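Subject: Structure for your files

Dear colleague,

Here is the structure I said I would pass on. My notes on what turned up in it follow below.

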Amino acid sequence: MRRSDCMRTCIACALLALLVVSVRGEVPIYKQEPHDRITLDKANESKVFDIEPLKLTRKEIDRKLKMKGNLTFRRIDVPDKTFEIPWRSIVKVETFGELILNKAVELSDNGKFDEAFDYFTYLQRNIPNVPGLDEAVDKSLQAEVVAASKNDEYDGALALLRELRRRNPEFPRIESALGKMTEKLVERYAENEDYRSARALLNALAADFPQNAVVAHWRARFRDEAAPMLAEARAAADAGRWRRAAELSRRLTNVCPDLPGARELALAVNQKYPQVIVGVGSLAADFTPGRLSGWSARRDSRLLYRTLAEFAGPSIEGGNYICPVGNIAAEDLGRKIAITLKPGIGWATGDETLSNSDVAVRLLEMAAPGNPAYRLDWSDLLGAVSTSGVYKVEVELLRAHVRPEAMMQIVLVPKNHLAPSDDPPPTNGPMTVHSENDEERVFAANQRYFAAEAGQPMEIVQRRFKTVAQAIRALKRGDIDVIDRVSPWLLPDLQDKEDVSVQPYALPLVHCLIPNLKRPFMRDRTFRRALAYGIHRDAILEQMLGGKEIPGCVSTSSPFPLSTGPNDPMGYASDTTIKPRPYEPRLSIALADVAFHLFLNSPEGKASKLKTMPTLVLAHPSDEIASGACQSIQLQLKLLGIPVELRPIAGPIPARVPDDVDLLYAELATWEPVVDARRLLGEDGMSGDCSPYMSQALRRLDEAVEWGEVRLCLHRIHQICHADVAVVPLWQIVEHFAYRDRIREMSPRPVSLFQNVEQWRLAFEYPVEK
């Protein structure tokens with residue numbers, strides 16, 4: 001563009017700006033310079049002048065208008081000149097406050113209540129003694145109530161009526177209006193079974209008008225609705241059907257907690273049958289412990305299974321492990337593992353108890369190629385397994401390993417268990433699945449659980465919510481006790497709730513895109529680099545966090561966790577010198593174009609007869625976080641000419657990328673990188689293949705016997721992963737859960753929600769109507 005064209009453009013923009021200012025309308029009177037206004041008689045052509053304030057009261061002005069003499073004044077538009085006119089030539093004098101009030105009344109009469117509110121607020125704060133102000137405000141509030149009611153905005157209308165009563169308790173028919181509006185809202189809440197909110201409205205009305213007919217009618221109606229529930233709940237309790245009694249007691253407490261006998265029943269149920277209701281985004285489709293990816297499976301596996309070794313949290317060097325079924329000890333400088341089992345450990349079904357032969361068989365299956373439990377790293381490590389007595393197992397290793405327990409997070413089954421491949425193994429955890437449907441799953445206490453504690457929950461009900469926002473509302477109402485996963489952008493919604501606690505989980509999840517290396521374009525490192533440069537990680541993460549900074553939630557280049565704070569030891573596996581790839585859309589387009597043309601010139605490409613970039617299939621979990629992130633990724637890549645089809649995963653999260661998709665969005669729990677690196681990046685990892693460089697690096701990691709060596713090997717793996725784009729790391733998220741304070745002894749930073757479910761205790765709390 002030439003310089004003259006630039007100048008013309010700038011001038012046009014300036015004129016446009018002036019035009020915009022001119023059409024925005026007049027400046028509100030209360031923002032103008034204070035002035036009074038006089039209107040002259042017909043002999044003076046009824047002229048109107050804005051003048052400097054006279055500093056006279058209304059009474060003084062009215063008296064002056066009836067007297068002889070002249071008014072000396074200065075006009076606002078001619079401030080340097082003094083004018084004089086006989087008082088008797090003046091028809092009307094309006095003070096600055098009256099001008100503002102008149103405009104407010106005009107706006108209110110025209111239904112512009114928000115604008116009128118600004119005028120009234122100015123007067124109340126700055127000129128409260130304007131005659132007629134209180135009456136005008138009351139009339140405006142009344143008009144706004146009528147308008148809101150016509151639009152079915154009953155909550156807003158009720159708030160306005162309460163303000164009207166606060167200002168003027170003697171306002172005509174105020175009690176009747178408050179009663180009608182309260183009833184409209186109570187009907188709506190009762191229809192949605194939100195009885196707590198309905199009772200709160202009735203209690204507020206009763207506080208001002210104890211004898212109001214609306215209060216009496218609805219309280220009687222709720223009592224009549226609750227009475228049969230109380231009778232049925234008592235009968236269920238007397239018959240020992242505590243699950244039904246607990247269900248009815250919750251409903252009864254919601255409908256009419258002050259019904260005589262309801263509190264005593266709730267106390268008995270809480271003592272005999274503690275029940276916890278958990279709001280979840282999805283119900284687990286499988287319960288395999290130790291999954292790298294799959295939120296609901298990791299959450300619920302602890303309810304059904306206690307494994308030989310369990311990850312209990314981070315430590316200075318790797319993870320901290322416990323053996324819930326006995327004790328695991330390293331001997332002979334780490335070349336031998338001694339396992340001692342507790343006696344009397346059984347399963348939820350059958351009469352068998354755990355023996356050393358059951359454990360020995362499972363450890364040997366892990367080293368047998370072709371067995372579903374086979375692990376390459378364990379097969380290379382295991383030397384021999386022997387048993388002594390009934391409860392002792394000795395494992396000889398070919399070499400020492402820094403964390404062999406990490407490979408022993410295995411489900412224990414009776415040695416004679418011959419279940420079909422699609423039938424899950426028998427459970428030995430604190431709960432069993434009692435019933436389930438698409439919206440709810442009920443876990444009941446395992447009566448044969450070896451680590452049961454008195455007072456632990458007898459039942460855990462998981463209730464599925466479409467959105468976390470819905471679950472938060474249910475938690476605030478008291479309909480549920482726990483939310484397993486609170487979206488980062490919704491954390492502020494729970495900060496001010498007094499009887500609700502919000503806690504972070506112990507370790508973050510690393511969100512990545514896992515490429516299917518068997519698909520044509522995903523095999524090409526150049527194309528994988530195009531994807532990495534074409535995703536604006538920081539922008540998506542900022543949107544996910546609601547514009548706030550949450551410790552530990554950062555973009556990342558690593559498939560392993562980063563440290564979430566100065567005292568967090570879990571960042572040892574990541575090389576902090578490797579920064580996330582920046583958002584470079586031009587570079588992404590160029591790389592994708594190169595990869596596309598290289599493919600077209602290959603025999604496979606020539607046979608495909610492709611003319612445009614094919615649509616990539618991105619599979620992802622159906623939770624809000626993953627769905628929202630993938631929609632953003634889809635949009636960003638579309639702008640770069642890379643079409644993406646999103647495919648939500650309905651069932652269990654697959655252990656590796658499905659054959660018919662190009663990318664899998666995974667929320668990885670790579671909390672023990674020394675063994676998880678192979679599970680993610682190895683030949684049999686989630687991608688289904690790896691480069692020779694990665695294979696060699698993983699082999700060196702398997703052979704590392706000291707933590708310093710492990711750290712160097714993992715940094716090398718991080719470097720290869722980044723250079724080869726073996727996965728596309730996006731960000732890590734520190735997840736949070738929320739629970740009502742009636743649940744006591746909940747672990748403050750658990751690895752998973754139910755990590756210490758045996759220690760949960762439900763304090764008896766009963767709603768007190770105010």
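Leaving aside residues up to four places away in sequence, Ile514 touches Val657, Asp662, Leu663, Leu664, Ala666, Leu668, Leu680, Met686, Ser687 and Val727. Please keep in mind that the model is predicted.

Ile514 also belongs to the largest nonpolar core, which has 99 residues; together with Leu308, Ile339, Leu363, Trp378 and Ile717, Ile514 is among those that touch the most other members. Helix α23 (residues 707-724) supplies the largest share of this core, seven residues. Apart from this core there is another, of 63 residues, including Tyr30, Leu133, Leu160 and Leu164. As general background, nonpolar side chains in soluble globular proteins tend to be buried together.

The six-stranded sheet

Six strands make up an open sheet with mixed pairing, in the order β19-β23-β18-β22-β20-β21. The edges are β19 and β21 (644-648); each has a single partner strand, so one side of each has no neighbour in the sheet.

Strand β23 (residues 728-733) is mostly covered, with six of its six residues buried. Strand β18 (residues 509-515) pairs with β23 in the antiparallel sense over five bridges.

The four-stranded sheet

Another open sheet is formed by four strands in the order β9-β10-β12-β11, with antiparallel pairing. β9 (326-331) and β11 (382-388) are at the edges with a single partner strand each, so one side of each is left without a neighbour in the sheet. From one strand to the next, the twist averages 15 degrees. β9 and strand β10 (residues 336-341) run antiparallel and are joined by six bridges; Ala329, for example, has Ala338 as its bridge partner in β10.

Helix α13 (residues 356-365) packs on this sheet and touches β10, β11 and β12 (392-397). The direction of α13 makes about 170 degrees with that of β11. The loop between α13 and α14 (376-381) contains Ala368. Is Ala368 buried, exposed or partly exposed? Its relative accessibility is 27%, so Ala368 counts as partly exposed. The C-alpha atom of Ala368 is separated by 109 Å from that of Glu45, and the two residues are 323 apart along the chain.

Helix α5

Helix α5 (residues 133-150) has 18 residues, which at 1.5 Å a residue should span 26 Å. The end C-alpha atoms are 26 Å apart, so the two values agree. Which residues of α5 are buried? They are Leu133, Ala136, Val137, Asp138, Ser140, Leu141, Val145 and Ala148. The elements that cover them include α3 (96-109), α4 (113-126) and α6 (154-167). Just after α5, Asp152 has a positive phi of about 60 degrees.

Aromatic pairs

Across the whole structure, the search finds 17 aromatic pairs. One of them is Tyr505 with Phe737: the ring centres are 5.0 Å apart and the planes are at 45 degrees, so the pair is tilted. Tyr505 is in the loop between β17 (500-504) and β18, while Phe737 is in strand β24 (residues 736-740), so the pair ties together parts that are 232 residues apart in sequence.

Phe754 and Trp760 are both buried. Finally, Trp295, Tyr505, Phe737 and Tyr739 form one aromatic cluster.

Regards

Definitions and conventions. Residues are numbered from 1 along each chain as its sequence is written. This is a predicted model: local features need pLDDT of at least 70, side-chain atom pairs count only at pLDDT 80 or more; totals for chains, interfaces and linings use all residues. Side-chain values use heavy atoms; hydrogens and water are left out. A nonpolar core is a set of buried Ala, Val, Leu, Ile, Met, Phe, Trp, Tyr and Cys residues joined through side-chain atoms within 4.5 Å. Buried means under 20% relative accessible area, exposed over 50%, partly exposed in between (1.4 Å probe, protein chains only). Helices (H or I, at least four residues) and strands (E, at least two) are DSSP runs, numbered from the N terminus. Contact means heavy atoms within 4.5 Å. Two strands pair if DSSP finds at least two bridges between them. Axes are lines fitted to C-alpha atoms, for helices over the stretch in contact, and angles run from 0 to 180 degrees between N-to-C directions. The expected span of a helix is 1.5 Å times one less than its number of residues. Rings of Phe, Tyr and Trp (its six-membered ring) pair if their centres lie within 6.5 Å; planes under 30 degrees apart count as stacked, over 60 as edge-to-face and the rest as tilted.
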